Amino acid sequence: ALDFGIEKALKALGVEDVNPGSSTGMEHFGSGEEIASVSPVDGATIARVRATTQEDYRRVAETAASAFTSWRLVPAPQRGEIVRQFSDRLRELKEPLGKLVSYEMGKSYQEGLGEVQEMIDICDFAVGLSRQLHGLTMHSERPGHRMYEQYHPLGVVGIISAFNFPVAVWAWNTALAWVCGDVCIWKPSEKTPLCGIACQKIAAEVFHRNGMPEGITCLINGDYRVGEMLTGDTGVPLVSATGSIRMGKIVAQAVAARLGRSLLELGGNNAIIVTPDADIKMTVIGAVFGAVGTCGQRCTSTRRLIVHEDVYDEVKSALKQAYGQLRIGNPLDEENHVGPLIDREAVDMYRKALEQVVAEGGEILVPGGVLDGPGYESGCYVKPAIAEAENHFEIVQEETFAPVLYLIRYSGDVHDAIALQNGVKQGLSSAIMTTNLRESEAFLSAAGSDCGIANVNIGTSGAEIGGAFGGEKETGGGRESGSDAWKIYMRRQTNTINYSDNLPLAQGIRFDL
Ligand code: UN1
């Protein structure tokens with residue numbers, strides 16, 4: 001098998017041998033059953049790690065809670081300084097970490113690097129934010145009174161992340177939570193445990209070097225049973241969860257049952273509207289990257305293309321041509337555009353989706369298929385497919401985490417297209433391709449896209465970290481990353497101070513003694 005510098009990368013990250021029992025074993029991350037990290041690139045088992053047991057979890061939670069009592073007292077700009085040092089390490093380790101992401105998860109090396117870049121970007125954002133955790137001051141209605149609000153650290157933040165962004169989504173949460181004075185317990189996907197260990201090592205070393213207590217950054221490993229330890233823990237005031245709608249509903253209910261906060265980043269069913277005034281060349285680039293990038297496994301992946309009948313045939317043939325040029329194969333080989341799906345289960349889902357769209361009356365424009373033969377031994381490589389379909393098809397209403405694009409025709413005006421685009425349960429990302437101001441403004445208006453992200457002349461994926469990231473409806477309503485998303489990681493306190501020698505009551509109430 002081609003090496004592509006994997007061994008060197010694992011070594012640079014200090015995760016070359018994390019198998020239980022080895023001299024550098026990761027016993028301290030857990031003592032439960034073994035979880036194998038299997039690369040979808042070549043099917044090799046990269047490592048085995050141990051899952052977190054109840055007893056392990058109790059220890060981790062205690063360490064985190066105790067670290068919080070001192071971390072919350074470190075001035076926020078000093079917390080920011082430590083996050084800055086963490087981002088320095090990420091800059092140094094960008095290539096090996098990007099490579100590990102690519103090898104353990106299967107996205108292209110370029111996208112692996114892009115993911116580490118997102119981590120660096122959010123750290124930079126968090127460093128600036130550490131001097132801007134502002135509250136407001138208000139004018140009191142009472143004489144000799146002052147009123148203001150302040151944001152205090154919240155406590156232990158639980159982070160549950162998915163396999164598709166095995167490092168960046170953690171960083172979006174943890175970089176903000178750290179500058180906000182919180183400590184974090186992270187449960188990465190059980191499909192990408194090595195990415196979790198690599199990040200934990202980088203962060204823990206930076207805190208250690210700064211003389212900070214253990215527990216500001218914590219890692220737990222395992223499947224949903226380990227997730228339940230977090231969601232059920234009253235000592236965890238906020239759980240941020242990224243993943244499927246099914247998972248999100250379970251997390252939301254468990255956290256709500258104890259009146260905790262949850263931040264949910266769930267599925268998308270993202271569409272690009274292509275109007276008669278679209279720039280077709282730009283449309284094709286945006287749509288193809290959106291649909292096949294990360295092998296269709298982004299929550300922002302383009303799933304539906306809603307194309308006006310006047311340009312439908314032109315778009316259709318341009319897409320067909322573009323799909324013909326796609327190179328599928330080892331994602332570490334920079335010649336390839338599309339890597340594998342995460343595992344064989346995902347391949348089954350992909351296959352079933354293509355069968356179902358045909359059963360519901362759809363027509364295959366670009367046929368799919370599972371690849372075999374040399375280079376495809378893992379059984380996870382599939383051909384990106386396009387089907388002509390209708391929006392109401394059951395399969396079109398679902399998020400299939402695979403490179404399947406549905407081509408949907410619309411007639412009428414932009415409002416008809418918007419109705420189709422909004423006509424799904426999910427509400428994450430959306431886009432319109434048009435050079436017509438009336439159309440783009442209608443799309444962005446209160447009667448336009450109902451998604452958390454609405455782009456003009458850009459695809460649905462690849463959001464920058466500076467904006468708030470998340471969506472509505474079954475996407476879960478959470479907002480992470482930029483803008484004022486930091487507020488959920490803090491508790492707001494309203495303070496009123498009386499510096500007069502009287503005690504007047506609010507609302508003019510008289511209470512004479
Ligand atoms: C995800 O798929 O969970 O906008 C996150 C994007 C990336 C993040 C996707 N910045 O596509």
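## Annotated domain

According to an unreviewed UniProt entry, residues 32–494 carry the annotation "domain: Aldehyde dehydrogenase". In this predicted model, the chain over residues 32–494 is 40% helix and 20% strand.

## Confidence

The protein chain has a mean pLDDT of 96, with 98% of its residues at 70 or more. For the complex, the predictor reports an ipTM of 0.97 and a pTM of 0.97.

## Overall fold

The protein chain contains 15 helices and 21 strands. Its radius of gyration is 24 Å, close to the 24 Å that the globule rule gives for 513 residues, so the chain is as compact as a globular protein of that length. Along the principal axes, the C-alpha atoms occupy a box of roughly 80 × 65 × 40 Å.

Of the 513 residues, 52% are buried. Among contacts with a separation of 6 or more, 72% join residues 24 or more positions apart.

Helix H8 spans residues 224–231, and its buried residues are Val226, Gly227, Met229, Leu230 and Thr231. The elements covering these buried residues include helices H2 (54–71) and H9 (245–257), together with strands E5 (156–160), E6 (183–187) and E8 (238–242).

The residues surrounding the ligand are Glu118, Asn164, Phe165, Val169, Thr242, Arg298, Cys299, Thr300, Ser461, Gly462 and Ala463. By class, this shell comprises 4 nonpolar, 5 polar and 2 charged residues. Thr242 belongs to the ligand shell, and strand E8 (238–242) is among the elements that cover the buried residues of H8.

Key. Residues are numbered from 1 along each chain as its sequence is written. This is a predicted model: local features need pLDDT of at least 70, side-chain atom pairs count only at pLDDT 80 or more; totals for chains, interfaces and linings use all residues. A residue is near a molecule or strand if its C-beta atom, placed from the backbone, lies within 6 Å of it. Ala, Val, Leu, Ile, Met, Phe, Trp, Tyr, Cys and Pro count as nonpolar, Asp, Glu, Lys and Arg as charged, and the others, Gly among them, as polar. UniProt positions are given in the numbering used here, feature names are shortened, and annotations may be inferred rather than shown by experiment. Helices (H or I, at least four residues) and strands (E, at least two) are DSSP runs, numbered from the N terminus. A residue is buried if 20 or more other C-beta atoms lie within 10 Å of its own, exposed if 12 or fewer, and partly exposed in between; C-beta atoms are placed from the backbone. Two residues are in contact if their C-beta atoms, placed from the backbone, lie within 7 Å. pLDDT is the predictor's confidence in each residue, from 0 to 100. The radius of gyration is taken over C-alpha atoms; the globule rule is 2.2 Å times the number of residues to the power 0.38.
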